[in-house]
Amino acid sequence: MTRTPAPKRAVRAAFDKAAGHYDAVASVQRTACDHLLALVSSQDFSPDRILDAGCGTGYALAGLKRSFPAADLLALDFAPAMLRQHAPGLARPLCADLEHLPIAGASLDALWSSYALQWCNPQRALPELARSLRPGGQLWIATLGPGTLGELREAFLHVDNNEHVLSFQPPEAIIKAAESAGLRVLRSERRTLHAWAPDLRSLLSDIKTLGAHQTGAAHRAPLGKSAWLRLVAAYEAYRGPNGLPASYDTFWLIAEKI
């Protein structure tokens, strides 16, 4: 049995804890998912067996079922509480790590993964995803890039020089890992999506619910009053008509197994 590294155990615990509240704050995640489904559905491609890897609460499953009604759907997540949120009967659930799929090689026609790859090492995850696809099968991904939570990263510079926000892999690294794994890129897009909150405390609470607090500051002491006030003041510079923004640098990728 492969032992789960401590950082991943922390992420899994965070998602287990947040499962019941996740959908209430996951507007950006739904937008990314909807756009990926639109890209996928615009193709002339009819898979018989699809895995949603990192399925979370299962938001994508209904859309995948509508687009591919005859397909056999599998839903995988490493947080058991997330799997328990699923509507019954849409997909067969699997509790496992995206980097260690309990899937036979060349057994999938399509593999979907929306906002999950960023928690993995792409040099380990993409070969594993490619392994599970049959030749001609497709990989459908939405993931986060290095501009994610850029406002928070900049605001923390007014507090100290510590790393408080996780740095995600750039699209170039994802593409390179995909090609090295035997995948051919068919299409890619990148743009920034935004979530909004009325104040910084609410924004950070939403980010925590989405799992992103498992970052560089995970084990640091809470901010003192003075540091907190500096952080709030710095973040106010980003306020817009909808409130305070949180940026999600999103990268969509469709690739084919060679």
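Arg 49 is partly exposed, at 25% relative accessibility (partly exposed lies between buried, under 20% relative accessible area, and exposed, over 50%, with a 1.4 Å probe and protein chains only). The side chain of Arg 49 forms a salt bridge with that of Asp 72, at 3.6 Å from N to O (a salt bridge is a side-chain nitrogen of Lys or Arg within 4 Å of a carboxyl oxygen of Asp or Glu). This is a predicted model, in which local features need pLDDT of at least 70 and side-chain atom pairs count only at pLDDT 80 or more, while totals for chains, interfaces and linings use all residues. Residues are numbered from 1 along each chain as its sequence is written, and side-chain values use heavy atoms, with hydrogens and water left out.

**Salt bridge between Arg 49 and Asp 72**

- The structure holds 9 salt bridges, and one of them pairs Arg 49 with Asp 72.
- This pair links distant parts of the chain, with Arg 49 in strand E1 (residues 49–53) and Asp 72 in strand E2 (residues 72–77), 23 residues apart (strands, E, are DSSP runs of at least two residues and helices, H or I, of at least four, numbered from the N terminus).
- Asp 72 is partly exposed, at 28% relative accessibility.

**Salt bridge between Asp 109 and Arg 134**

- The side chains of Asp 109 and Arg 134 meet in a salt bridge of 2.4 Å, N to O.
- Here too distant parts of the chain are linked: Asp 109 belongs to strand E4 (residues 108–114) and Arg 134 to strand E5 (residues 133–144), 25 residues apart.
- Asp 109 is buried, at 11% relative accessibility, whereas Arg 134 is partly exposed, at 27%.

**Salt bridge between Asp 249 and Arg 190**

- A salt bridge of 2.6 Å, N to O, joins the side chains of Asp 249 and Arg 190.
- Asp 249 sits in strand E7 (residues 244–257) and Arg 190 in strand E6 (residues 183–197), 59 residues apart, so the pair links distant parts of the chain.
- Asp 249 counts as buried, at 6% relative accessibility, while Arg 190 is partly exposed, with a relative accessible area of 44%.

**Thr 209**

- Thr 209 is found in helix H9 (residues 200–209).
- With a relative accessible area of 17%, Thr 209 is buried.
- The C-alpha atoms of Thr 209 and Tyr 22 are separated by 6.1 Å, although these residues are 187 residues apart along the chain.
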